[in-house]
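Please find below some notes on the model, arranged by topic.

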Amino acid sequence: MAQKWYIVHTYSGYENKVKASLEERISKFEEKKERQGEKDARGKYFSEILVPIETVIELVKGKKKTSSRKIFPGYILVKMELNDETWHVVKDTPKATGFAGNQTHPAHLSDKEAEELIAQITEGAYIPKPKATFSDGESVRVIDGPFANFVGTVQEVRQDQRKVKVLISIFGRATPIELDFIQIERD
């Protein structure tokens, strides 16, 4: 049986602790299997555990700050060969509440879904995302730069560059200014 990706539900905020506990339990489980003479030729039952996170940029006290944010709080991804024993290794891990979906016969992610999710996690680690996103016509307040405290309307959003064009009123005249996502907030 080939290894597949499964989604495991955890207590929110305990994703990294569940990952560490699960890695420890897997190590003991696979050592036991090796001692029993099982699994030598076939390899391992588990191969990877991921906590889906992305890097985000925000403005804190006038300075850019990069931090990590969980993409799916309360969930981790486990690549494993599912059988009764491996199911119990995961299910009996402290702070793990079980598999997403059917609890007794969980569905695995398709190869395409897994690839897309891993690509999103990998991309998120290298390309920081803004904490908030904006749309055309939205009212925003400038929080940084020479136009701080001005209120304006988003005229254009350029997601790829993480910039927005905002129309603000200067001396009664609408003036477009270009700002980074982190320089504005919803009004």
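1. Helix 1 (residues 15-35) lies across strand 1, strand 2, strand 5 and strand 6 and runs at about 170° to strand 2. Helix 2 (residues 84-91) lies across strand 1, strand 2, strand 5 and strand 6 as well, running at about 145° to strand 6. Contact here means heavy atoms within 4.5 Å. Axes are lines fitted to C-alpha atoms, for helices over the stretch in contact, and angles run from 0 to 180 degrees between N-to-C directions. Helices (H or I, at least four residues) and strands (E, at least two) are DSSP runs, numbered from the N terminus.

2. On provenance: this is a predicted model, in which local features need pLDDT of at least 70 and side-chain atom pairs count only at pLDDT 80 or more, while totals for chains, interfaces and linings use all residues. Residues are numbered from 1 along each chain as its sequence is written, and side-chain values use heavy atoms, with hydrogens and water left out.

3. Four strands make up an open sheet with antiparallel pairing, in the order 2-5-1-6; two strands pair if DSSP finds at least two bridges between them. Strand 2 (46-50) and strand 6 (96-99) are at the edges with a single partner strand each, so one side of each has no neighbour in the sheet. From one strand to the next, the twist averages 30°.

4. Within that sheet, strand 1 (residues 4-10) and strand 5 (residues 75-80) run antiparallel and are joined by six bridges. K4 has M80 of strand 5 as its bridge partner. Strand 1 is also joined to strand 6, by three bridges and again antiparallel, with V8 standing opposite F99 in strand 6.

5. How many aromatic pairs does the structure hold? There are six, where rings of Phe, Tyr and Trp (its six-membered ring) pair if their centres lie within 6.5 Å, and planes under 30 degrees apart count as stacked, over 60 as edge-to-face and the rest as tilted. The rings of Y6 and F99 have centres 5.9 Å apart and planes at 80°, so this pair is edge-to-face. Y6 in strand 1 and F99 in strand 6 are 93 residues apart, and the pair thus links distant parts of the chain.

6. The largest pocket holds about 180 Å³ of space. On a 1 Å grid over the protein atoms alone, a pocket is an open set of points where a 1.4 Å probe fits, with protein on both sides within 12 Å along at least five of seven lines; lining residues have an atom within 4 Å of a point. Grid points are joined across faces, edges and corners, and a volume is the space filled by probe spheres set on the points.

7. Lining the largest pocket are E23, I26, S27, E30, E31, K44, F46, S47, E48 and I49. Helix 1 and strand 2 are the elements that give two or more residues to this lining, and helix 1 supplies the largest share, five residues. By class, the lining has three nonpolar, two polar and five charged residues (Ala, Val, Leu, Ile, Met, Phe, Trp, Tyr, Cys and Pro count as nonpolar, Asp, Glu, Lys and Arg as charged, and the others, Gly among them, as polar).

8. Strand 8 (residues 139-142) pairs with strand 9 (residues 151-158) in the antiparallel sense over three bridges; R141 stands opposite V151, and V140 has G152 as its bridge partner. Strand 9 is joined to strand 10 (residues 163-170) by six bridges, again antiparallel, with G152 opposite I168. Strand 9 and strand 10 form a hairpin with four residues between them, and R162 in the turn has a positive phi of about 60°.
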